[in-house]
Amino acid sequence: MEIVFENVDFIYQPNSPFSHQALKDISLTIKDGDYAAFIGHTGSGKSTLLQHLNGILRPTSGTVRIGDFELTTKKNNEIKSLRRKVGVVFQYPEHQLFEETVEKDILFGPKNFGMDVEEAKHNLPTILEEVGLPTDVLQRSPFELSGGQMRRVAIAGVLITEPNVLILDEPTAGLDPRGRKQIMSLIDSLHKKKRMTIILVTHHMEDVLRHANQAFVLNKGELVMQGEPVEVFQEEERLRKIGLGIPEELQLINQLKQTLGLPITYLHQSPSELGKDIAKALHAGGNR
Amino acid sequence: MNQSFIIGQYVPKESPVHALDARTKLVIVFFYVLVTFSAETLSSYLILFLFAAFGAVMSRVHPLFIVKGLRPIWFIIILTFILHLFIQRQGEVLFSIFGYAIYDQAVIQAAIISSRLFLLILMTTLLTLTTTPISITDAVETLLKPLKSLKLPIHELALMMSISLRFIPTLIEETDKISKAQASRGIDFRTGKWRDRLKAIFALLIPLFISAFKRAEDLAMAMEARGYRGDYGRTKFRELKFTSLDLIVFLIFIIIVIGFFYFNG
């Protein structure tokens with residue numbers, strides 16, 4: 001489903017002393033099957049923007065189009081079917097678990113959306129395998145699990161409704177390096193194998209560079225940059241000014257370019273490939 | 001969440017009312033409330049109102065802010081007024097609406113009760129607008145200290161009070177977050193069958209309780225790690241100070257009370 005924002009403004013508590021404009025004239029397009037990443041400082045409006053994607057918030061002015069759904073200032077009665085198609089994994093999603101067993105919690109969404117619960121039950125083992133949980137957790141209480149496992153249960157609870165668009169708000173926050181890697185590769189496989197449109201909010205610039213094909217930079221409610229991650233990260237100065245950095249790989253390449261004059265371009269090399277490229281360039285000899 | 005609801009919300013300003021000792025304000029509000037309940041004549045109400053208005057002006061909190069913040073209470077005040085108007089059946093008939101007689105005593109009673117309510121809420125709102133929750137609990141603790149000899153856990157009660165006040169905004173935020181997460185999983189808190197809605201509330205309450213318990217555990221651990229052991233040997237970072245300003249305000253209040261009883265007959 002294609003996602004289009006047209007001149008979207010959002011104001012929290014309009015016409016009150018507490019009114020605060022969180023989004024200013026946002027226009028953007030995320031194509032079907034994209035892997036889009038949103039970056040920005042805390043309070044830049046990322047979370048507010050995400051909440052427009054499944055109708056939790058409605059724009060104060062402007063239009064949001066998600067496939068055939070149109071969200072404007074007016075109330076939309078088909079919000080429930082939109083929410084089924086657009087799955088959201090909020091920050092620390094493990095806080096939303098509440099059922100007695102993992103199975104019941106995962107099936108909570110399908111029940112609410114009026115889906116065939118038996119069929120969803122049938123799909124449980126596949127979903128569990130995808131998120132990397134053993135099937136014997138199904139009958140356990142979600143509160144007996146570790147934090148990382150609870151997060152996987154929460155993600156499974158979103159995936160079971162088979163959304164077309166998956167939104168993840170800092171899905172790796174607070175996880176150990178291994179957990180992070182697993183979650184990121186899970187998202188990758190959902191994007192590639194299931195052709196899901198992925199929208200990721202993250203503070204890890206490395207993840208943006210490695211996984212996303214579109215990057216959007218927000219600052220104080222405005223969309224300041226957009227494009228392919230490699231292009232966006234070219235403008236290091238501008239990013240630094242709004243409190244953001246660039247990925248380690250690009251930092252290293254830039255520094256080598258400046259100090260040794262090594263001509264290396266980033267072409268999605270893995271760290272070891274990048275190492276080999278640097279060695280090759282060093283052998284060829286720098287300009288200085 | 002409705003943030004125009006300002007009862008219990010502190011507005012930082014530099015004003016004589018803010019500078020007063022929290023104990024002074026607490027004691028005055030306490031006696032003001034007592035006195036208000038014995039008010040009967042118009043002039044005694046006028047005196048009470050003047051005192052509250054004087055406090056409101058001196059607090060330098062924007063009057064519109066106070067009026068707007070009291071909005072949810074206006075409803076209750078007006079409702080009380082109307083109820084009294086129709087229920088009281090004493091005195092002479094003043095006029096009638098749709099064949100329903102309104103008595104003069106009813107009008108007076110309605111005015112008295114609703115202005116009583118208004119004054120009470122205005123004063124207590126003024127207290128919370130100008131005093132941080134922390135200093136209110138400190139004041140409660142010091143004022144109730146004599147009860148400690150009766151083995152009442154005053155310090156613990158004050159601590160519970162300040163912790164719960166501190167975590168109200170956190171809980172509101174948490175509620176907002178979880179209800180959004182559950183709404184994304186297709187739950188509907190506003191429409192649907194009564195039973196489904198009850199079930200929906202559970203999906204909100206259970207995670208909320210769990211995180212509150214977790215937070216309490218973390219807080220207890222953090223307090224112990226920093227050497228907390230009740231009020232034994234504990235000193236205060238912010239000490240309450242009784243100044244000449246407090247004395248002046250007390251004197252004014254005593255004069256007001258004397259004037260009040262003089263006019264109250």
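**Chain B in close-up**

**View 1. Helix H2 crosses helix H7 in chain B**. In this predicted model, H2 (residues 22–37) and H7 (residues 133–143) of chain B pack with axes 8 Å apart, at an angle of about 75°. H2(B) is therefore roughly perpendicular to H7(B) (65 to 115 degrees; angles run from 0 to 180 degrees between N-to-C directions). Axes are lines fitted to C-alpha atoms, for helices over the stretch in contact. Helices are DSSP runs of H or I with at least four residues, strands runs of E with at least two, numbered from the N terminus.

**View 2. Residues where H2(B) meets H7(B)**. H2(B) brings Ala22(B), Arg23(B) and Leu26(B). From H7(B) come Ser135(B), Ile136(B), Asp138(B), Ala139(B), Thr142(B) and Leu143(B). Contact requires C-beta atoms, placed from the backbone, within 7 Å. Five of the residues are nonpolar, two polar and two charged (nonpolar: Ala, Val, Leu, Ile, Met, Phe, Trp, Tyr, Cys, Pro; charged: Asp, Glu, Lys, Arg; polar: the others, Gly among them).

**View 3. The elements of chain B**. Chain B holds ten helices and two strands. From the N terminus, their order is α-α-α-α-α-β-β-α-α-α-α-α. Of the contacts with a separation of 6 or more, 74% join residues 24 or more positions apart.

**View 4. The extent of chain B**. Along the principal axes, the C-alpha atoms fill a box of roughly 65 × 60 × 40 Å.

Residues are numbered from 1 along each chain as its sequence is written; chains are lettered from A and ligands numbered from 1 in the order written. Local features need pLDDT of at least 70, side-chain atom pairs count only at pLDDT 80 or more, and totals for chains, interfaces and linings use all residues.

Technical notes: Contact = placed C-beta atoms within 7 Å. Parallel < 35°, antiparallel > 145°, perpendicular 65-115°, else oblique.
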